[in-house]
Amino acid sequence: MLQILANRTYRHLVLAQVIALVGTGLATVALGLLAYQLAEADAGTVLGTAFAIKMAAYVGVAPVATALGDRLPRRTMLVCLDIVRAVVAVALPFVSQVWQVYVLIFVLQAASAAFTPTFQATIPDVLPQEKDYTQALSLSRLAYDLESLVSPMLAAALLTVVSFHNLFAGTVVGFLASAALVVSVVLPSPKASERRGIYDRTTRGLRIYLATPRLRGLWAVQVGVAAAGAMVFVNTVVLVQSSWGLNQTQVALALATFGAGSMVAALALPRALERLPDRPVMLAGLAVLVPGLALGSIIQGMSGLLPLWFVLGLGYSAAQTPSGRLLRRSAHPEDRPAVYAAQFALSHACWLVFYPLAGWLGARAGLPWAFAMHSAAAVVALVLTLKLWPADDPEVLEHEHHDLPPGHAHADGSEPRTAGLRHTHPYVVDDLHPRWPGLER
């Protein structure tokens with residue numbers, strides 16, 4: 001897997017991602033302490049609102065920002081967004097009112113909502129070979145999992161010698177280092193897309209996404225992933241500390257075990273995906289989440305929680321890590337940023353639903369009911385994935401054009417017929433192919 005780091009451009013980009021993620025992790029810890037300083041007993045409400053603002057920014061801003069940045073060079077856009085995030089991190093230690101936290105969090109996450117899809121859409125252009133790109137997806141998953149493990153430990157070590165305000169300085173350094181690494185490489189420029197209006201550009205990725213069966217299935221997968229992830233991230237602390245009376249170290253151990261399961265799956269996926277299609281791998285991951293969540297309603301003690309969290313981590317990573325491969329093969333290079341932005345927005349819309357649901361159900365109805373309801377949601381996600389994503393999902397499709405005149409450049413080599421022009425090629429939704437064959441209604 002590590003041989004793809006021989007590609008200098010990709011190496012610098014993945015380093016930029018890792019450093020920015022560590023900086024973001026430090027900011028997350030510091031934000032919690034800042035919320036407590038400003039609101040004390042209401043700190044949980046402040047953090048909950050801040051995370052809701054984060055998800056809302058992800059859902060609403062990503063497609064619009066990608067459309068507005070469509071004409072900007074990718075390197076310029078990524079560097080500018082890193083600088084915006086660094087400026088916000090500089091300002092956060094100086095806030096004195098809760099509303100100021102909310103404003104700055106929105107700006108920070110809006111910049112991230114524009115940065116992440118653009119960054120993700122750049123990687124397939126840097127690594128055009130399917131095998132290399134699959135390895136890059138696994139490395140990206142590992143980066144996210146390592147961030148969730150390393151950042152809290154680093155923050156804890158730093159807090160022994162500095163105040164929490166100084167953690168924001170680490171965030172600033174992370175974003176500036178990310179910008180410097182992006183500046184240090186030349187990024188490939190995809191073919192310029194056709195001039196379109198702002199509405200067309202804003203909704204194009206969503207229209208391509210929802211018109212492509214495999215991507216409809218991917219959205220259903222994201223429902224199951226968010227249902228499982230929300231229960232782990234929201235209710236681990238409730239289980240370990242409130243229900244069982246254990247300490248913060250045990251909370252960290254449980255979350256680390258979930259992350260370890262995710263990393264094991266990410267390491268195994270490149271080899272597995274050389275032999276298996278994406279669909280059965282992702283369905284298997286989703287199928288693991290269903291009984292795992294159901295067992296959560298009866299689990300007692302760390303001896304049961306740790307193996308369950310490890311298995312949930314396996315399913316969580318297997319279900320979502322290959323998603324970039326689906327996005328890559330479902331759009332032309334010039335449309336990839338818009339499609340990645342649609343995936344970013346739609347997946348975070350799932351988290352926007354399940355984050356508060358996991359907390360509300362756990363507090364009002366009890367954790368067993370919360371686990372049962374989220375397991376039911378994962379069942380629905382599994383059924384929808386099977387229905388929306390056909391088992392027979394070839395990239396090359398024979399199809400017919402009813403509105404192309406003979407001699408049209410796109411119809412070169414096709415067989416003229418009275419009913420239209422018929423030919424075969426790798427099929428993606430675009431201006432000439434607005435609907436999927438067999439779904440023309």
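**Ground rules.** I am working from a predicted model, where local features need pLDDT of at least 70, side-chain atom pairs count only at pLDDT 80 or more, and totals for chains, interfaces and linings use all residues. Residues are numbered from 1 along each chain as its sequence is written, and side-chain values use heavy atoms, with hydrogens and water left out.

**Entry 1: ring pairs.** I looked up rings of Phe, Tyr and Trp (its six-membered ring), which pair if their centres lie within 6.5 Å; planes under 30 degrees apart are stacked, over 60 edge-to-face, the rest tilted. The count comes to 8 aromatic pairs. Phe115 and Phe119 form a stacked pair, 5.8 Å centre to centre with 15° between the planes. Both sit in helix H4 (residues 98-126), 4 residues apart, so about one helical turn separates them. I take helices as DSSP runs (H or I, at least four residues), numbered from the N terminus. For burial I use relative accessible area: buried is under 20%, exposed over 50%, partly exposed in between (1.4 Å probe, protein chains only). Phe115 is buried at 7%. Phe119 is buried at 9%.

Next I checked Trp351 and Tyr355, a tilted pair at 5.2 Å centre to centre and 45° between the planes. They are 4 residues apart in helix H13 (residues 336-364), about one helical turn. Trp351 is buried at 9%, whereas Tyr355 is partly exposed at 26%. Ring pairs also link Trp351 and Tyr355 with Phe233, Phe258 and Tyr316 in a cluster.

**Entry 2: helix H3 and Arg85.** Helix H3 (residues 74-91) has 18 residues and reaches 26 Å from first C-alpha to last, close to the expected 26 Å. The expected span is 1.5 Å times one less than the number of residues. The buried residues of H3 include Arg74, Asp82 and Arg85.

Asp82 and Arg85 meet in a salt bridge at 2.7 Å, N to O. The term needs a side-chain nitrogen of Lys or Arg within 4 Å of a carboxyl oxygen of Asp or Glu. The two residues are 3 apart in H3, about one helical turn. Asp82 has a relative accessible area of 0%, and Arg85 has 5%. Arg85 also lies over the face of Phe115, at 4.3 Å from the ring centre. That label needs NZ of Lys or CZ of Arg within 6 Å of the ring centre and within 35 degrees of the ring normal.

**Entry 3: salt bridges between helices.** I find 7 salt bridges by the same rule. Arg336 pairs with Asp125, closest N and O atoms 2.9 Å apart. This pair links Arg336 in H13 to Asp125 in H4, 211 residues apart. Arg336 is buried at 10%.

Arg325 pairs with Asp278 at 2.6 Å between the closest N and O atoms. Arg325 lies in helix H12 (residues 323-329) and Asp278 in helix H10 (residues 278-296), so the pair ties together parts 47 residues apart in sequence. Arg325 is buried at 6%, and Asp278 at 4%. Shared partners join Arg74, Asp125 and Arg336 into one salt-bridge network.

**Entry 4: end of H13.** The 29 residues of H13 should span 42 Å, and the end C-alpha atoms are 42 Å apart, which agrees. Gly366 follows H13, with a positive phi near 100°.
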